[in-house]
Amino acid sequence: TTIQAKVTPYESVTVGSVQTYDFASQIFYPEDHETVIANGGAFHDAQHGWYFNADGSINVQVAGNAVVVVTLCKYSESGDVKVMDGEQELATYPVVKNETPDGTELTAQYSGEATTLTINWTAKQYIHKVVVYNVLDFLEKDQNTGYYIVPAGDVASFLMAIVQAQPGDKIFLPNGTYDLGETVLTTIGKNNISIIGQSMEGTIIKN
């Protein structure tokens with residue numbers, strides 16, 4: 001058997017970047033990531049993700065303003081899942097065993113300087129996925145146009161707009177390059193949304 005070492009680039013968070021930590025993937029290893037620490041957990045299976053005891057937690061780095069999305073599991077024990085900035089609670093979700101829909105997303109919004117946020121819980125939990133959108137600013141629909149207007153070149157805000165968009169919504173991309181990464185293709189799983197570039201030549205999406 002030939003064994004080859006895989007060297008991964010040093011990971012850092014920057015404004016406009018998106019960090020995806022897929023705890024339901026058997027080949028997800030926190031030690032490959034410099035921007036996340038999983039405390040007291042281990043991979044269970046592809047359906048449930050990682051299993052954590054009640055005293056476990058996940059630390060994630062953010063580059064400043066950020067939206068953190070935690071995907072939860074219905075088979076967890078009943079208890080609260082929280083996203084914390086030190087002692088400040090940013091968001092909480094009460095999980096009820098076998099009643100909380102599988103794949104429920106807890107979304108937390110952080111405003112401030114670069115820091116490390118903590119995701120913790122009050123009972124044993126399975127965690128499917130954590131996604132961190134490091135945005136330049138938080139998106140709201142423009143009152144005049146009804147569009148989501150993305151800051152130029154801000155990939156995280158672009159992807160966040162897609163997450164927020166409802167059927168019929170329009171997303172405007174100013175001229176700039178929106179590099180979605182080179183590892184895997186990014187699926188846009190929405191119906192009837194419009195992505196409108198400022199110009200044919202100046203608005204570039206790389207995927």
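Me: Why is Thr71 called buried?

Reply: Buried means under 20% relative accessible area, exposed means over 50%, and partly exposed lies in between (1.4 Å probe, protein chains only). Thr71 has a relative accessible area of 12%, so Thr71 counts as buried. Before we go on: this is a predicted model, in which local features need pLDDT of at least 70 and side-chain atom pairs count only at pLDDT 80 or more, while totals for chains, interfaces and linings use all residues. Residues are numbered from 1 along each chain as its sequence is written, and side-chain values use heavy atoms, with hydrogens and water left out.

Me: Where is Thr71, and what is in contact with Thr71?

Reply: Thr71 sits in strand β4. Strands (E, at least two residues) and helices (H or I, at least four) are DSSP runs, numbered from the N terminus. Contact means heavy atoms within 4.5 Å. Leaving aside neighbours within four places in sequence, Thr71 is in contact with Gly103, Thr104, Glu105, Ile127, His128 and Lys129.

Me: Which side chain is joined to that of Gln19 by a polar contact?

Reply: That of Ser17, at 3.3 Å. A polar contact is a pair of N or O atoms within 3.5 Å; within protein, one must be able to donate a hydrogen and the other to accept it, and residues adjacent in sequence count only if both atoms are side-chain atoms.

Me: Why is Asn98 called partly exposed?

Reply: Its relative accessible area is 45%, so Asn98 falls in the partly exposed class. Asn98 is in the loop between β6 and β7, and has a phi near 65°, again a positive value in a residue other than glycine.

Me: How do you know that Lys97 forms a salt bridge with Glu77?

Reply: The rule is a side-chain nitrogen of Lys or Arg within 4 Å of a carboxyl oxygen of Asp or Glu. For Lys97 and Glu77 the closest N and O atoms are 3.1 Å apart, and the pair is a salt bridge. This pair links distant parts of the chain: Lys97 is in the loop between β6 and β7, Glu77 in the loop between β4 and β5, 20 residues apart. Lys97 is partly exposed, because its relative accessible area is 34%. Glu77, at 35%, is therefore partly exposed too.

Me: How many salt bridges does the structure hold?

Reply: Four. Among them is the one between Lys82 and Glu89, with the closest N and O atoms 3.7 Å apart. Lys82 has 22% relative accessibility, so Lys82 counts as partly exposed. Glu89 has 40%, so the label partly exposed applies there as well.

Me: What makes a set of residues a nonpolar core, and which members touch the most others in the largest one?

Reply: A nonpolar core is a set of buried Ala, Val, Leu, Ile, Met, Phe, Trp, Tyr and Cys residues joined through side-chain atoms within 4.5 Å. The largest has 26 residues, and Phe23, Ile58, Val70, Ile119, Ile127 and Val130 touch the most other members. Strand β3 (49–62) is one of those that supply at least two residues, and β3 gives the most, with five. Apart from this core lies another of 21 residues, including Val67, Val69, Val155 and Leu173. In soluble globular proteins, nonpolar side chains tend to be buried together.

Me: How do you know that helix α1 is mostly covered?

Reply: Eight of the ten residues in α1 (residues 155–164) are buried. Phe158, Leu159 and Met160 are among them. At the start of α1, a side-chain oxygen of Asp154 reaches to within 3.3 Å of the backbone nitrogen of Ala156.
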